[in-house]
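Visitor: Please show me the model, and let us examine the terms used to describe it.

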Amino acid sequence: MDALVVWTVMRSFIKGSYEAVFGLDSTGARRPARAGKSLDQETLMSLGEERLRLLPEQRREAFELCRKCKLEYDSKGLWDTGDLVLAIHSGLGQASEQQRHAFETLCKFDKVYVDEVQDLTSAELALLVKMSSSGILFLAGDPAQSVEEGVDFRFEDVRSVFYELTGTFVLSLLALLVQTYKY
């Protein structure tokens, strides 16, 4: 299996999906103990075909290679940005009231402007939303200009992140700009 395919599965789905951030299982139910943790194989296998365009046997192989990579990381004390982002989400979920207040005071912004949003995983987007004190975000991007390897971006995932954070599809976005090019 191509290394970039494995990296994309690990970065965008196993560590970077909204399911990983919010602890959603294969049925879509919230499992608080799973929030901020990598996806398990069952949940990875349950992702829709239009979202993760791999055959079941390819998904199993990619999951196994990602598991081996994680073991290698752990044995050498290594981590990647997916691990860091999930650790931040997990830490925020387990924070005391005093720690949450410190986060609210030090790490919240009135407005958040993000360009090249297509180069972010859902987990990174969710962190940006959590950092917005007013709920005002300006997100701009163009999937045709994606340069970040390992990110399988879909604007539908932006809506899913907001839905999981707010419980509604009424987004607290200032704007979401999308350009579609037909060649």
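Guide: A pocket is defined on a 1 Å grid over the protein atoms alone: it is an open set of points with protein on both sides within 12 Å along at least five of seven lines, and its lining residues have an atom within 4 Å of a point. This is a predicted model, in which local features need pLDDT of at least 70 and side-chain atom pairs count only at pLDDT 80 or more, while totals for chains, interfaces and linings use all residues. Residues are numbered from 1 along each chain as its sequence is written, and side-chain values use heavy atoms, with hydrogens and water left out.

Visitor: Which residues line the second largest pocket?

Guide: By that 4 Å criterion, the lining consists of Met10, Ile14, Lys15, Ser38, Leu39, Phe63, Cys66, Arg67, Lys70 and Leu71. H4 supplies the largest share, 5 residues. The volume, taken as the space filled by probe spheres set on grid points joined across faces, edges and corners, is about 170 Å³.

Visitor: What makes up this lining by class?

Guide: Ala, Val, Leu, Ile, Met, Phe, Trp, Tyr, Cys and Pro count as nonpolar, Asp, Glu, Lys and Arg as charged, and the others, Gly among them, as polar. On that basis the lining of the second largest pocket has 6 nonpolar, 1 polar and 3 charged residues.

Visitor: What meets what where H1 packs on H4?

Guide: With contact meaning heavy atoms within 4.5 Å, Val6, Trp7, Val9, Met10 and Ile14 in H1 meet Ala62, Phe63, Leu65, Cys66, Cys69 and Tyr73 in H4. These residues divide into 11 nonpolar, no polar and no charged.

Visitor: What is known of the largest pocket?

Guide: The largest pocket holds about 210 Å³ of space. Of its 16 lining residues, Val21, Ala35, Gly36, His89 and Gly93 are the closest to its centre. H5 gives the largest share of the lining, 5 residues.

Visitor: How many residues of the chain are buried, as a percentage?

Guide: Buried means under 20% relative accessible area, with a 1.4 Å probe and protein chains only; such residues make up 42% of the 183 in the chain.

Technical notes. Helices (H or I, at least four residues) and strands (E, at least two) are DSSP runs, numbered from the N terminus. On a 1 Å grid over the protein atoms alone, a cavity is a set of points where a 1.4 Å probe fits but cannot get out, and a pocket is an open set with protein on both sides within 12 Å along at least five of seven lines; lining residues have an atom within 4 Å of a point. Buried means under 20% relative accessible area, exposed over 50%, partly exposed in between (1.4 Å probe, protein chains only).
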